[in-house]
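Hi everyone, thanks for coming. Have a look at the model on the screen, and then I'll walk you through it.

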Amino acid sequence: MTIRHRLYLELDPGARTAPGFSMTNKIIMTVILVSVVMALAGTEDTLTLGFERWWRLADGFVIAFFLAEYVCRLWVSVENPAYSDGWRGRLRYARSAPALIDLAVLAPTLLFAVGSEAFLLRLVRLMRILQLARLGRFSRSMTLVTKALSRRASELVLAFAFAMMLVVISSTMLYLIEGGIQPEAFGSIPRAMWWSIATLTTVGYGDVYPVTGLGRLFAAITALMGICLIAMPAGIFASALSDALEERRREEGTDE
């Protein structure tokens, strides 16, 4: 067994026949979680003030670690039968979703290496939160959720389109009814959209609300439609997840 193949088995959970994760995968998951905690804590000045040097060292370690991981994954990708045709296979792997997520996390970090602007620093810290998405490659449950979403993509897109239509209609009606009375809140359709989105998602902050009888009537209708709006994608996703779970149970039963 070559060194490259051994490293491939260590990095790719799907390539392992033994249950559980390799030690390399456990280290990667730990560093990902530590990196996310650092990204969140790094936005609080009281936690970083006076410890700038240590934060820079920790950032440097994280950058080097994930850069090395990305290079290693690119190197061993040809061990996967789907990418086994040399540099062409590596190029296809580089365009795959997991590799693009890795690159999305690394790209702002590399930009920050050539500049010290505060905006770039914040971008690096925020983009590091994308590391959470990288945990999906270690999780069968995440794969199950992804499969459920992909199978119901057209229905979810339809539900989203219906939601956008309701937002436009309700904000337009409140603009016509309340625009002259409350110009700050409903003086334009984009302004009214804030109220419409908050109402349709059943959040209802209460900072903006209609004062006329007709406006309140449409607000009540919008609120009722919001209940249907939340239930529709939830029902679609629940049905898809149930189908995916049942399929996995059948596969596991067949394997046994």
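**A walk through the helices**

Let's start with the overall make-up: the protein chain has 13 helices and zero strands. Helices here are DSSP runs of H or I with at least four residues, strands are runs of E with at least two, and both are numbered from the N terminus.

A word on where this comes from: this is a predicted model, in which local features need pLDDT of at least 70 and side-chain atom pairs count only at pLDDT 80 or more, while totals for chains, interfaces and linings use all residues. Residues are numbered from 1 along each chain as its sequence is written, and side-chain values use heavy atoms, with hydrogens and water left out.

Of the 256 residues in the protein chain, 31% are buried; buried means under 20% relative accessible area, exposed over 50%, and partly exposed in between, with a 1.4 Å probe and protein chains only. If we take contacts (heavy atoms within 4.5 Å) between residues at least 6 apart in sequence, 62% of them join residues at least 24 apart.

Now to the packing around helix H4, residues 52-76. Helix H1, residues 3-11, has its axis come within 9 Å of the H4 axis, and the two cross at roughly 120°. Axes are lines fitted to C-alpha atoms, for helices over the stretch in contact, and angles run from 0 to 180 degrees between N-to-C directions.

Among the H2 residues in the contact are Ile 28, Val 31 and Ile 32, and the H4 residues include Phe 65, Phe 66 and Arg 73.

Next, helix H12, residues 189-200: its twelve residues reach 15 Å from first C-alpha to last, close to the 16 Å expected at 1.5 Å a residue, where the expected span is 1.5 Å times one less than the number of residues. Its buried residues include Trp 195 and Leu 200. After H12 comes Thr 202, with a positive phi near 65°.
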